[in-house]
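Student: I am new to this structure. Could you take me through it?

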Amino acid sequence: MSVTTAYFEAADGIRLAWREMGEGRPVLLLHGYFSEADTNWIKYGHARLLADAGFRVIMPDLRAHGLSGKPHDPVHYPSDILADDQFALIDYLGLTDFDLGGYSLGGRTVARMLARGCHPRRAVISGMGLEGLSDTGRRARHFRHVLENLGKHERGSPAFMAEAFLKTTGGDPVALLRILDTFVDTPLDVIAGFDLPVAVVCGEDDDDNGSAQALADTLPRGQLFHVPGNHMSAVVKPELGRAIRDFLLEDF
């Protein structure tokens, strides 16, 4: 099954890319920080799994990532711009009945979209815990440290591993730093108001963004799915795609 690549222009003129695979019910999947659609969803078979199950899998490269524009001017990085971009893509594609999911930064962007009135049938927030949505500053500080000290991290440290991943995806450190300035906290009472089925899919050893259990407990219709691995390794596990597929196919 082939993957197509297409582009559209955001409101501020930045060219944004998305990949597609499959036909059927649309599901918009958002990748994590330092990553891009190919690494997060295509390379390890998750998109193919969903396409084979009857989904049209739409996978943007977020602003400053992958094939999308990577401007350096701060004017292109207002608060919540990643959510703005996804609302624009939904409008561009004319989607009205769809599912929505994301991993890590993508999961945080899903939460911001729900907080701002997005109405998918179901949502998936993966690689994410409650703190990662309600207090974005801690992870922002971690990644700011990574990006402002490239080449200086202790081998084997979390910062070293993050930099190693950045090298594999060819990320632009300046543009990625700008993304950190766009983060917006989602208050607990807002998260508790997400009244739709939400799957919280997280690695068994992943607490990088706080407690996935606490997030599932806060969501009125949350379901927790644990998959093998930590924040980095869970992405390569087939169980991640299976959990997303099974949730989206589940009868409610």
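Tutor: The model is predicted, so local features need pLDDT of at least 70 and side-chain atom pairs pLDDT 80 or more, while totals for chains, interfaces and linings use all residues. Residues are numbered from 1 along each chain as its sequence is written, and side-chain values use heavy atoms, without hydrogens and water.

Student: Is Arg19 buried or exposed?

Tutor: Buried means under 20% relative accessible area, exposed over 50%, and partly exposed in between (1.4 Å probe, protein chains only). Arg19 has 13% relative accessibility, so the residue counts as buried.

Student: At what angle do α3 and α4 pack, and how is that angle classed?

Tutor: Helix α3 (residues 81-93) and helix α4 (residues 105-115) have axes 9 Å apart and an angle of about 75 degrees. Angles under 35 degrees count as roughly parallel, over 145 as roughly antiparallel, 65 to 115 as roughly perpendicular and the rest as oblique. Therefore α3 and α4 are roughly perpendicular to each other.

Student: Which helix gives the most to the lining of the largest pocket?

Tutor: The largest pocket has a volume of about 640 Å³, and 32 residues line it, Arg139, Phe165, Asp208, His231 and Met232 being the closest to its centre. Helices α1 (37-42), α4, α6 (137-148) and α7 (158-169) each supply at least two lining residues. With six residues, the helix that gives the most is α7.

Technical notes
Axes are lines fitted to C-alpha atoms, for helices over the stretch in contact, and angles run from 0 to 180 degrees between N-to-C directions. Helices (H or I, at least four residues) and strands (E, at least two) are DSSP runs, numbered from the N terminus. On a 1 Å grid over the protein atoms alone, a cavity is a set of points where a 1.4 Å probe fits but cannot get out, and a pocket is an open set with protein on both sides within 12 Å along at least five of seven lines; lining residues have an atom within 4 Å of a point. Grid points are joined across faces, edges and corners, and a volume is the space filled by probe spheres set on the points.
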